Each structure stands twice: as C-alpha cells, then as structure tokens.
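Work through the exercises below with the sequence and the model at hand. Try each task before reading its solution.

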Amino acid sequence: MIFEGKAWLFGDNIDTDAIIAARYLSTIDPRELAEHLMEDIKPEFPGLVGPGDILVGGENFGCGSSREHAPLAIKGAGISCVVARSFARIFYRNAINIGLPILECPEGLTGIESGSDQLRVDLEQGTVTHLRTGDIYQAEPFPPFMQEIIGRGGLVEYVKARIGQAQ
Amino acid sequence: MNKENIAGGGSTGSTKSTMVEKILAAKSGQKKVEPGNLVNAKIDLALGNDITAPVAIKEFERFGVDKVFDPEKVVLVPDHFTPNKDIASAEQALLIRSFAEKYKIKHYFEVGRMGIEHALLPEQGLVRPGEVIIGADSHTCTYGALGAFATGVGSTDLAAAMVIGEAWFKVPPTMRFEYIGPLPRWVGGKDLILYTIGRIGVSGARYRAMEFAGPAISELSMDGRLTMANMAVEAGGKCGYVQPDQVTFDYLKGRVTVPYEAVYSDQDAVYERVFSFDVSALEPQIAISPSPDNVHPVSEARGTEIQQVVIGSCTNGRIEDLRLAASVIKNRRVHPQVRMLVIPATQQIYRQALEEGLLTTFIDAEAVVSTPTCGPCLGGHMGILARGERALATTNRNFIGRMGHPESEVYLCGPAVAAASAVAGIIVHPEEVVQ
C-alpha cells in the first residue's frame, strides 16, 4: 500500500487528551470525533486536515489514556497514516487493531513544512519519502503477525480467521 | 492459540526471570520468556468502563459469537461519566447495562454498587497475585501493586479478549526502582511516583515493566502502593508492580477466597536498568501543568494561586488518602476563593469515611463530597475548570485541557498538600497549615 499526502507536523508526547478531549467521548462515531481532532492544541486543525493527509509526530505519540477514540478520530478525519519517532504502547496497539497504518521512524523526519510538504509512505517497504527534498526514511519493520493483523484490516478480522482455522 | 511463541526476542542467556516474565511465561504455557518475545497469554480478568466498553461491544458484535469466554472474568464498571452526566452518556451506560444482562456478566457494578474501577477491583477481591489482567483503561496498571501483571489496552483488544480469553503481549524489559527510606512525614506513594516520573520522564519507561522495591516500599501501605503502580503509565510503563509480601497478604485476607500463587522475581534476574533513590529527605512533590514529568518539590511551586482542589480518582481516592486529607483540614476551612471537591473512590470507601467522621470533617470545612466517579479527573463532569483557572488535584494527569477549558491548568500532588493548599488558597507545604 502506498499513500501520498500532505504532512501535518506535531511535537513530542502528543497525548490522547490532545488528540481527542474527554468531553467528546460520549460518542463512538469516527466522523463526529474527527470534528474535534487536536482541537485543544490546534483549534483550526479539524478545518484544515483533509482525506489522505499524513500526521507526523515526535517521541511517544499517543501517550496517556487508552481511549481508542484517538485513533478513531484520526481515521475518521480521513488521515491515511501516522508517522512518529516513537509511539506510546496503547496507542500503537489500538492503531494496529483498528487498521490505522502507523510507522515508527526512530531517526525522525526533518525539514517538513507542516501543512504544505507532501510525503509518500510505502507500507510494504516501510519507507517514508519527503517529496520536496527527496529524503527517504526507513521505518521499523512490523513482526509478521502484526503485518497479518494490518493486512486483514484489524484485530477483529485477524482473530476471526484464527478462530476459523482452529475449528 | 496460547502455546505459541509468535516471534522470537533476544535471549539474555539468563536462566533467571523477573516477576512479569514468569507470569507471562506461565500464562502462555512456556517455561521461560525473554524481553522482546511476543506471546499469547490467557487472561484472568478483562475490564471495560462506560467510555471504552461501548466501542468494545460494537467490535464484539462483529465476531458473531453468542457468549463471552467466561462471564465471571469480564468486569464492567460505569465510572467515568456516571451518574450519567447527559443523555449521550446515559445511552452509553445503557449499552453496557444491556450487554451485561444479555451475556450474564457477573461483575457488572451498577451506580450505587460501583466505584472507580481501579479502586473497586482490588477492594472486591477481583485482583490476585500472579494473574494477567487487561483493562480498556490505561490505569489498569494499578493492579501490579498486588503482584499481578496488569496493563491497559484499547477497546478492540478488550473485545477480542472477551471472545477468546487471550491477548498478545510483547514481553517487556524490566526496570527496577529501589527506594531507600525511611519516608519523611507528609511523603507517600504519590510523592515517590511523581519523583520517579520527574526523574525518568513521560517516556522513560515506555514499553517497560517497572518493579518498585526497597525498604521504603516494604513500609508502604497497600493504598500507597496502588497509587504508585497506578501512575506507571505516566512514565510510559506497560505495568508497574510490587512483589507480594506481608502487606499484600494482609490486604488480600478476607477479600480473596479463591487460591492464587504469588510470583517473585529471581534474586539475580536481569533488569534493563536499576535505579536507587534515597528518599529519606524527599519533599512532597508537585507535577506542574502540562506534563506529569514536570515535577518539582512543593517549595518550588509555593505561592501559586489555585481555584479548585480535587481529592479523589483511581490514584488517590482511597480511605488512607481521605484520612490524610481530613487530618490536615480538620477544624480548618477551605479558603474563600477555593472550591474543594472530595470524591471517595468507591461506595465502601465512602461508607467507611462516613463512619470515621471524615465526611463531616470535609463538610464542616466547606468542601463538597461527591458520590464515586472519575468525574473531573478527565474533565468529564463534577468540577470542570473555566478559562484561566487552576486546579491542584490528587489525580494522575495534568495535560492541556484535562480538567476543562484548554486554557485551564492542573497541578498534581498527594492528598496532604492538596488539603493544606485548599486551606491556604495557594500551594503550600502541609507543615505551613498543620503546626
């Protein structure tokens, strides 16, 4: 799978309260959640972000609460992929489990103009290309079983297939 | 599915294991596991609340199964937005209630019987040493205080666990934290964990198990240990734990009737890092907005004005916390410009506080006493902040907008500092109030 989209840059330790504030957790509709994505740290963001865009984070992206509403809100906004230097572990699980592609690039992406530069993400190769500069970044590969979860579109389909095999 | 090592990890070559490695090995049917191994482990308990369970239920229904793996091992606690704060939350609570009824979930705790999940489950004897517990709530790591492997997951993980009774884990490397005491007066579990997070940062234990040990931990009460394990996630930890000892067994006595097996780290187990903190002269600690690792001794934040004080949450809403806060505020009054909210974490704690006269003390001091709820901790309800307001809270997170308006602030501390500061109207050391 290859995505190309506009990059939106965020810093280190972006917590899930910042991604989606608790006052919006009385819905589980991804589109409704998306209307408030990153609202408390970048109020104009829901109006700027568009389908196919790519989120770029620093260290420990998605720390804090376990709310799956955070990756759901990101997915609901049509964002194709999240790239970060590192992810908090529950966010990482949640993204994989709901089939939101994420890539961990420990070296970190540099020289990105947020909201204008385009990135190309190749999930199979695990590469991120900065289209303006031509820089290519290599992401950490997923273990095979996690690739299978992603390939099946999430944990539910993966587990269903496993149960099917066992019977 | 569980007798399988999904992928290899680096071998340490050691025959010794930490407590978490032993638990994950036992529950995945293996002799030994190493950090980095991916395992499928059997789940002893799977937990959801009124925010995370609705998403899990929606996913659960996609499996097309007609039962949960074990109705006695699923726990549902409506605690975040309850008693229902609005129509949308009422609908979510109704969804869980109906699910619990339909699938005969034994441990569903209705309003009136419920409490904040991470105070409630240990209290009800649902947490035992050596167990694997997952919860769709990041503070599930609290149960490590009882020698369990407990970690937060998301709603889809909970849904899958409710179906198959298993979950995948990457075996974490373990970091050991030794605290050398004795603990000074006014310093407790909250101060130790804040100090630790301040030292290693919010991603300092990312993906790691945190083992809390040393003489100061041996002396620490179960309530204090629960507070420490609770905030392991604020350092990025997968779990935080204390190995079972007499304090643990005394706590379990009368609560747990089923057999359990305590698990311990081997004497020469391999730790990724070992920290040793001399805490004998530690001051009470404060985490200043907007990050739990922005930690300072209370003296450095002295004089900061506050408009609200919250004493409660899964971190510090237990009986010992209420006793400490009441001892500070007894025969005193909340400062006229401060609102003080006291939220006993469970019905049992509420009742005990009532019987001990603590609630009278709070009410006489002109504090508000609330029914158990997560409430303001996550900016849900029952004490939301306006623009420009600042709260001093015994809760666990001080992120931007956590308790209300994005331009409000939360400072974190233990119950003694919170109660003393409520009296002073500014952040103070408890000694300034209690002579």
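Two strands pair if DSSP finds at least two bridges between them. Helices (H or I, at least four residues) and strands (E, at least two) are DSSP runs, numbered from the N terminus. This is a predicted model: local features need pLDDT of at least 70, side-chain atom pairs count only at pLDDT 80 or more, and totals for chains, interfaces and linings use all residues. Residues are numbered from 1 along each chain as its sequence is written, and chains are lettered from A and ligands numbered from 1 in the order in which they are written.

**Exercise 1. Find the residue of E6(B) that stands opposite Ala46(B), then describe the sheet.**

Step 1. Ala46(B) faces Ile134(B) in E6(B).
Step 2. Strand E3 (residues 45-49) and strand E6 (residues 132-135) of chain B run parallel and are joined by three bridges.
Step 3. Both belong to an open sheet of five strands, ordered E5-E4-E3-E6-E7 (chain B), with parallel pairing.
Step 4. The edges are strand E5 (107-108) and strand E7 (149-152) of chain B, each pairing on one side only.
Step 5. Helix H5 (residues 155-164) of chain B packs on the sheet and touches E3, strand E4 (74-77) and E6 of chain B. The direction of H5(B) makes about 135° with that of E3(B). Axes are lines fitted to C-alpha atoms, for helices over the stretch in contact, and angles run from 0 to 180 degrees between N-to-C directions.

**Exercise 2. Which residues of H13(B) are buried, and where do they lie around the axis?**

Step 1. Apply the cut-offs: a residue is buried if 20 or more other C-beta atoms lie within 10 Å of its own, exposed if 12 or fewer, and partly exposed in between; C-beta atoms are placed from the backbone.
Step 2. In helix H13 (residues 347-355) of chain B, Ile349(B), Tyr350(B) and Ala353(B) are buried.
Step 3. They lie on the same side of H13(B), because they cover an arc of only 105° around the axis. The arc is that of the directions from the helix axis to the C-beta atoms.
Step 4. An α-helix has 3.6 residues a turn, so residues three or four places apart point the same way.
Step 5. The buried residues of H13(B) pack against H4, H12 and helix H14 (358-364) of chain B.
Step 6. Just after H13(B), Gly357(B) takes a positive phi of about 80°.

**Exercise 3. Say how many residues of H8(B) are buried, and name the packing partners.**

Step 1. Eight of the nine residues of helix H8 (residues 222-230) of chain B are buried. Among them are Asp223(B), Arg225(B) and Met228(B).
Step 2. The partners of these buried residues in chain B include helix H6 (189-200), strand E10 (209-213) and helix H12 (319-329).

**Exercise 4. Locate Ile28(A) and list its contacts.**

Step 1. Ile28(A) sits in the loop between H1 and helix H2 (30-34) of chain A.
Step 2. Ile28(A) is buried, with 21 other C-beta atoms within 10 Å.
Step 3. Leaving aside neighbours within four places in sequence, Ile28(A) contacts Pro54(B), Val55(B) and Lys58(B). Two residues are in contact if their C-beta atoms, placed from the backbone, lie within 7 Å.

**Exercise 5. Pick out two cis peptide bonds in chain B.**

Step 1. One joins Thr82(B) and Pro83(B), with omega about -15°. Pro83(B) is in the loop between E4 and helix H3 (87-102) of chain B.
Step 2. Another runs from Gly181(B) to Pro182(B), with omega near 0°.
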